[in-house]
Amino acid sequence: MEKEIWVPVTFTHIEYPKGDLMGMILAWFSLLPSFTVISFIPIIVLRRDLTTIFFFLGMFVNEGMNQVLKRVIAEPRPSRTASSVQWSQYGMPSAHSQFAGYFSMFVILLFYVRISVVTFIIPLAKIWKHVLAASTVLVALAICYSRYYLKYHTQSQISAGFLVGVAVGTVWFIILEKFAGPYFPIIASMPICEMLLIKDYSLIPNALWCEYHCIKTEMRSRAKKYIRPE
């Protein structure tokens, strides 16, 4: 029987069976949590929004809880004899699945609770939330399945991780809405936040439309100054 060869995705530690197209695709899905965390850094620098910062901090809370649970439960990962990787970390619950559960749950709650739409501006505004929410869930499930397909975790480790992530995302959003969020306008008005241009969009029903409208108005105002009369 020919020995199965596992190869890593370029410049990463995620492995998949050599020549397996599905495995390669799922390996890239397995990298999405890392890409997401990294992408939040420029997003925070550019937007400087307190809700985004709070969402980002929740990722570290979620990861910290995952590390505690792994050491308490101490369940090993499934063995992958053909792989060159020797696992030194426990597998219960799956960190990737927990991240997927946290991220998808927080985003869905953000869509349906925090963000409203202006129906006369955005066509099909009533369905865009459902499409985005469904897309988020599908990507989260793909991440979870990638961990099983690539033999990084068992089904129980993946299921437990996803459920814990959903719970953390729910609790973190409740903390945002009931405890932290009401103080965001006060925090945003502090001198240090004003100096760093940190903003709070929580009182604006549609921050995207408001931002677009403000920039468009400012651009029209500035454009008039540069237009010379003939």
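Predicted model: local features only at pLDDT ≥ 70, side-chain atom pairs only at ≥ 80, totals over all residues.
1. Now for the largest nonpolar core. It has 25 residues, and the members that touch the most others are Phe55, Met59, Tyr102 and Phe106. Two or more residues come from each of helix 2 (32-47), helix 3 (50-73), helix 4, helix 6 (155-180) and helix 7 (184-188). Helix 4 gives the largest share, eight residues. As background, nonpolar side chains tend to be buried together in soluble globular proteins.

2. Tyr102 deserves a look on your screen. Setting aside neighbours within four places in sequence, its contacts include Phe54, Phe55, Gly58, Met59 and Asn62. Tyr102 is also in contact with Gly165, Val166, Val168, Gly169 and Trp172. A second, separate core has eight residues, among them Val9, Ile14, Ala27 and Tyr152.

3. Is Ser30 buried or exposed? Ser30 is buried, because its relative accessible area is 0%, and a residue counts as buried under 20%. It belongs to helix 1 (residues 21-30). Beyond its neighbours within four places in sequence, Ser30 is in contact with Ile14, His96, Ser146, Arg147 and Leu150.

4. On to the largest pocket, which has a volume of about 740 Å³. It is lined by 26 residues, and those closest to its centre are Arg47, Asp49, Thr52, Leu110 and Ile115. Helix 2, helix 3, helix 4 and helix 9 (207-226) each supply at least two lining residues. Sorted by class, the lining has 15 nonpolar, seven polar and four charged residues.

5. The second largest pocket has a volume of about 420 Å³. Of its 21 lining residues, Pro33, Ser34, Glu63, Ala95 and His96 are the closest to the centre. Helix 2, helix 3 and helix 4 are the elements that give two or more residues to this lining. Which helix gives the most to the lining of the second largest pocket? That is helix 3, with six residues. By class, this lining has ten nonpolar, seven polar and four charged residues.

Terms used
Residues numbered from 1 in each chain as written. Heavy atoms only, no water. Helix = DSSP H or I, 4+ residues; strand = E, 2+ residues; numbered from the N terminus. Buried < 20%, exposed > 50% of the residue type's maximum accessible area, 1.4 Å probe, protein only. Contact = heavy atoms within 4.5 Å. Core = buried A, V, L, I, M, F, W, Y, C linked by side-chain atoms within 4.5 Å. 1 Å grid on protein atoms, 1.4 Å probe; cavity = no way out; pocket = protein on both sides within 12 Å on 5 of 7 lines; lining within 4 Å. Points joined across faces, edges and corners; volume = space filled by probe spheres on them. Nonpolar A, V, L, I, M, F, W, Y, C, P; charged D, E, K, R; others polar.
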